[in-house]
Amino acid sequence: MGEVDPAFIQDLEHRPKLAIIEAEGIPLIDLSVDAVSDGSTLVSDIGDACKKWGFFQVINHGVPLEKREKLEKAAREFFGQPLEERVKIRRAEVRVSGYSNTEHTKNVRDWKEVFDFTRKNPIIVPASARPDDKQVVEWYNQWPEYPPQLREVCEEYAEEVEKLCFKLIQLIALSLGLPADTFNGFFKDQISNVRLNHYPPCPAPELALGLGRHKDGGALTVLAQDDVGGLEVKRKSDGEWIRVKPTPEAFIINVGDIIQVWSNERYESVEHRVIANSEKERFSIPFFFNPAHYTIVKPLEELTSEENPPRYRPYNWGKFFVTRKGGNFKKLDVENIQISHFRVPESELANRFEKAVSVA
Ligand code: OGA
Ligand code: NI
C-alpha cells in the first residue's frame, strides 16, 4: 500500500478535516452495576445512550482482559507476516472468512486489511442474493498456519464477547420497555462474525480513509480499539464527525441497522468511519452480533401502533447480508444495499397516521 491508488481517494465532501473534535459526550457505562437493584440507572443510561448517540463505551464488561490481549498480539503477528503469507488464506469473493486487503466501502477502497472469521463454524447463509433462490450454503472458517495459536485465541475471544452481546441485547430490550429475553431467540443460529482490522500508515490521510463512512448492518457491534485512535462517529445533533477517544480495556458498542428497525427508529444506527494515520498503524477488532440468516427483520409489534405505524417493510436478513458482502470486495456502479431501501416513505406514513386518527 505504498502509493495512493485513485481507488482509495474519497470524494471531496467525504475527505476528513484534520481538526479533531473529541467526544467527551459519548457515554461511558459501567456494566458491573446491577440493572434491577433499587435506584439503578443502568437500563435508562443505556437507553439514553442508544437514543442520543447510537454509541457508548462499556467498562467492567466481563470479558477477561487476558483473552483480548492474546488476540491483539496474535493479530499483530498475523499482519506482520509478508504479504505472500497473508494472501494464502485470501477470502473467496462472497464468503466472510479469511484475509482481504481490497475492501471497498461505498465503492471507495479502504486503507486497511482484514482477517474475518465467524463465531459459529460453519454458518448457514443463503446461497445467493437472488430473492427467488431458496438454497442455503455453509461457510467455513479458514485459518492461517501462522501464528499457530490464532484459531484458539480467536475462538476463545469470540465466546466471551458473545456473552457480552447477550447481556447488552437484554439491557437494550429492557430499555425499550420489553422483557429482557425479547431478542434472544433471533440469535439461536446466529451468523455473527469477528474481524481483525489492520490500518497501516497511510501517506495521504487527507485523501483516503482507513474505513469509509458506513452504518453497521447487523444488530449490535462490540469493538475493541487500540490506543492509536481514529474512529469517528457522526453526532446526531449536528452531523459533526466526533473522535472516539480510546479508553483502555473498554469496548465501544454501537447500535446496528437491525436494532433501528426492530425499535421502529427509537434507536438509530449511526454513521461512523476511521481516519487514516500517516505515522502509526492501528488495530481494531469488531464483533458483529448478527441474528440467524432466516430472520425476517421488521419493527416489533410491541413498539408499533396505529399512531406509530411500522416505518420499515420486512426484509430477509440473510439476503441482506449476502448482498452486502457481495458489494464489499469490488467497486460497483450502484449503491450497496441499505436499510433505507426498506423505509416506508414519509408521505405514506402520514397517510396511515391520518387514517388512524380519523377512525379513533
Ligand atoms: C467496522 C468499524 C471501526 C474501527 O469494521 O465496521 O466500524 O475502529 N470499525 O475499526
Ligand atoms: Ni462499522
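Q: Let's start with phenylalanine 8: buried or exposed?
A: Bear in mind that this is a predicted model. Phenylalanine 8 has a relative accessibility of 2%, so it counts as buried.

Q: Where do phenylalanine 8 and tryptophan 111 lie?
A: Phenylalanine 8 is in the segment before E1, while tryptophan 111 is in the loop between strand E5 (108-109) and strand E6 (113-118), so the pair ties together parts 103 residues apart in sequence. Tryptophan 111 is buried too, because its relative accessible area is 0%.

Q: And what about the pair of tyrosine 315 and phenylalanine 342, how do their rings sit?
A: That aromatic pair is stacked, with 4.6 Å from centre to centre and 20° between the planes. It links distant parts of the chain: tyrosine 315 belongs to strand E18 (residues 315-316), and phenylalanine 342 to the loop between helix H6 (317-328) and helix H7 (346-359), 27 residues apart. Both tyrosine 315 and phenylalanine 342 are buried.

Q: Which residues do ring pairs link into a cluster?
A: The cluster is made of Phe78, Phe79, Tyr99, Phe115, Phe117, Trp143 and Phe283.

Q: Switching to the metal: which residues are the protein donors of the nickel ion (ligand 2)?
A: They are His214 (NE2), Asp216 (OD) and His272 (NE2), lying 2.1 Å from the nickel ion. Their spacing in sequence reads H-x1-D-x55-H.

Q: Which residues does the UniProt annotation "domain: Fe2OG dioxygenase" cover?
A: According to the UniProt record, an unreviewed entry, that annotation covers residues 190-291. Over residues 190-291 the chain is 6% helix and 42% strand, with the end C-alpha atoms 4 Å apart.

Q: OK, alanine 224 next. What does it touch?
A: Leaving out residues up to four places away in sequence, alanine 224 touches Arg68, Tyr157, Phe251, Ser284 and Ile285. Alanine 224 is found in strand E11 (residues 220-225), and it counts as buried because its relative accessibility is 2%.

Q: What is the charged end of arginine 68 doing there, which ring does it sit over?
A: It sits over the ring of phenylalanine 251, 5.0 Å from the ring centre. Another case is arginine 343, whose charged end sits over the ring of tyrosine 312 at 5.8 Å from its centre.

Q: Now helix H1. Which of its residues are buried?
A: In H1 (residues 42-52), the buried ones are Leu42, Val43, Ile46, Gly47, Ala49 and Cys50. Seen down the helix axis they fall within an arc of 165°, so they line one face of H1.

Q: What do the buried residues of H1 pack against?
A: Their partners are strand E1 (28-30), strand E2 (55-59), helix H4 (150-175) and strand E14 (251-255). H1 is followed by glycine 54, which has a positive phi near 70°.

Q: Which residue has a positive phi near 50° without being glycine?
A: Asparagine 60 does. It lies in the loop between E2 and helix H2 (65-79), and at 46% relative accessibility it counts as partly exposed. Glutamate 249 also has a positive phi, near 70°. Its place is the loop between strand E13 (241-243) and E14, and it is partly exposed with a relative accessible area of 47%.

Definitions and conventions:
Residues numbered from 1 in each chain as written. Chains lettered and ligands numbered in written order. Predicted model: local features only at pLDDT ≥ 70, side-chain atom pairs only at ≥ 80, totals over all residues. Heavy atoms only, no water. Helix = DSSP H or I, 4+ residues; strand = E, 2+ residues; numbered from the N terminus. Buried < 20%, exposed > 50% of the residue type's maximum accessible area, 1.4 Å probe, protein only. Contact = heavy atoms within 4.5 Å. Donors = N, O, S within 2.8 Å, 3.2 Å for Na, K, Ca; no water. Arc of directions from axis to C-beta. Phe/Tyr/Trp six-rings, centres within 6.5 Å; stacked < 30°, edge-to-face > 60°. Lys NZ or Arg CZ within 6 Å of the ring centre and 35° of its normal. UniProt positions renumbered as here; feature names shortened; annotations may be inferred.
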